[in-house]
Amino acid sequence: MSDLAPPSSACTGHIQDPASQRLTWNKAPKSVLVIKKMRDASLLQPFKELCTYLMEENNMIVYVEKKVLEDPAIASDESFGAVKKKFCTFREDYDDISNRIDFIICLGGDGTLLYASSLFQGSVPPVMAFHLGSLGFLTPFSFENFQSQVTQVIEGNAAVVLRSRLKVRVLKELREKKTAVHNGLGENGSQPVGLDMDVEKQAMQYQVLNEVVIDRGPSSYLSNVDVYLDGHLITTVQGDGVIVSTPTGSTAYAAAAGASMIHPNVPAIMITPICPHSLSFRPIVVPAGVELKIMLSPEARNTAWVSFDGRKRQEIRHGDSISITTSCYPLPSICVRDPVSDWFESLAQCLHWNVRKKQAHFEEEEEEEEEEEG
C-alpha cells in the first residue's frame with residue numbers, strides 16, 4: 001500500500017466565483033421581447049414608457065404578445081398609436097419566435113419569468129425582470145430608473161445567473177378497445193364488449209423553471225407513486241403528492257412544503273413530499289445529472305395529476321410515466337448586482353428570512369453584579 005503523494009500545485013484549482021458570471025454580446029442586441037402581466041392596469045404606463053424608450057431611443061425591434069395590444073386601454077390610447085404600429089406581435093403556441101429575440105424584459109411578478117421560460121423550449125435569451133408584481137423573488141429590478149438599467153444591459157455591463165431548468169418527458173398510453181366477436185355476438189351471446197387493448201405511446205416534452213408537481217387531484221385517496229432514480233426504485237410516495245424542483249423552485253412551492261432553499265448556482269434537483277403519510281419522509285437533494293422517473297404504483301387506488309410550473313395540468317394513469325432530468329437549456333437571468341447578493345436580498349425582502357428581534361445585551365452594572373456573585 002503506497003503513501004498518498006502530496007498535492008501538486010498543478011492540480012490545485014479554484015472554484016469559479018458565481019459573482020463572476022457576466023453578460024456578453026457577440027453583437028449588439030437589436031430585438032427584445034417585452035412580457036407584461038395581464039389584467040393589471042397599473043402596468044400600462046410602465047409598459048408604454050419602456051416600449052417607447054426601446055423603440056425611439058434605442059431603435060430596437062420590440063415583440064409583444066398579440067393579446068397585450070388588444071387591451072382596450074392600449075387600443076384606445078391615441079398618443080401611443082405611432083409606437084403601437086411598430087410592434088411585432090406573436091401568438092402563444094402558434095408563432096415560433098425563439099430565433100428572433102436577443103433578450104427579454106418582464107414587467108410584473110415571478111409569473112412573468114415563468115411564462116417567459118415556457119415560450120422557449122430550447123435556448124433562452126437573457127431575461128431582465130422588473131419587480132411590478134406581488135412577490136418579486138425572481139424579479140430584482142426596480143422600474144424607477146429603468147432607462148439607465150436597460151442601457152447597462154444593452155451595453156453588456158451586467159452579471160447573470162444561469163437558472164437551471166428541468167427537461168420533462170411525459171409518456172402516456174393511448175388505449176383503443178378491440179372486441180372479440182363470433183357471428184356478431186360476444187362469447188356469451190351478448191353485444192360485443194372491450195376485451196383487449198392496443199397500446200400506443202404518446203410523448204410530450206416540457207422545459208420547467210420552478211417545479212413539476214404530482215398530486216392526487218380531486219381524489220380523496222392518498223396519491224401512491226413510485227419514484228425511480230437512474231432506473232432504481234428509491235421510494236414510494238404516499239401522501240398528497242411530490243414536488244420535483246430546481247434550485248430556483250426551492251423558494252416556491254417546495255419551501256412551503258418544508259424543503260431547504262438552495263442558491264440557483266448549485267447543480268441539484270430537489271424531491272419534496274407534499275404532506276406525506278410518514279413521519280420520516282424528509283425532502284432530499286440529488287445531483288443534477290440523474291434521471292428521475294415517476295409512475296403510479298401498481299397498488300394505487302386512483303390516478304394522479306401533474307403540472308409544470310403551474311401550467312399544462314393533466315391526468316396520469318396506470319402505464320403512464322414522467323421522466324425528469326436537468327435540461328441543457330438554462331435560463332440566463334440578469335442580476336442587479338451579482339447572483340449571490342441578489343439572492344440574499346430576495347430572501348430578506350420577499351421572504352423575510354430569519355427576521356427576529358435581536359437579543360438585548362447586558363448592561364455594565366448587571367455584568368458586574370453577576371461577576372461579584374460568581
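**A hairpin to start**

Modeller: Strand 15 (residues 304-308) and strand 16 (residues 311-316) pair in the antiparallel sense, with four bridges between them. Strands here are DSSP runs of E of at least two residues, helices are runs of H or I of at least four, and both are numbered from the N terminus; two strands pair if DSSP finds at least two bridges between them. This is a predicted model, where local features need pLDDT of at least 70 and side-chain atom pairs count only at pLDDT 80 or more, while totals for chains, interfaces and linings use all residues. Residues are numbered from 1 along each chain as its sequence is written, and side-chain values use heavy atoms, leaving out hydrogens and water.

Colleague: Which residue in the turn between strand 15 and strand 16 has a positive phi?

Modeller: The two strands form a hairpin, with two residues between them. The positive phi is about 55°, and it belongs to Asp-309.

Colleague: Is Ser-307 buried or exposed?

Modeller: Ser-307 sits in strand 15, and it touches Glu-211, Val-212, Val-213 and Arg-313, not counting residues up to four places away in sequence. Contact means heavy atoms within 4.5 Å. Buried means under 20% relative accessible area, exposed over 50%, and partly exposed in between (1.4 Å probe, protein chains only). The relative accessible area of Ser-307 is 10%, so it is buried.

**Ring pairs**

Colleague: How are the rings of Tyr-206 and Phe-308 arranged: stacked or edge-to-face?

Modeller: Rings of Phe, Tyr and Trp (its six-membered ring) pair if their centres lie within 6.5 Å; planes under 30 degrees apart count as stacked, over 60 as edge-to-face, and the rest as tilted. Both Tyr-206 and Phe-308 are buried. Their centres are 4.2 Å apart and their planes lie at 20°, so this pair is stacked.

Colleague: Why does the pair Tyr-53 and Phe-146 count as it does?

Modeller: A search of the whole structure finds 11 aromatic pairs. The ring centres are 5.7 Å apart and the planes are at 85°, so the pair is edge-to-face.

Colleague: Where is His-131 found, and how far apart in space are His-131 and Phe-141?

Modeller: His-131 is found in strand 5 (residues 127-131). At 35% relative accessible area, His-131 is partly exposed. Phe-141 is one of the residues in contact with His-131. The two are 10 residues apart in sequence, and their C-alpha to C-alpha distance is 5.7 Å.
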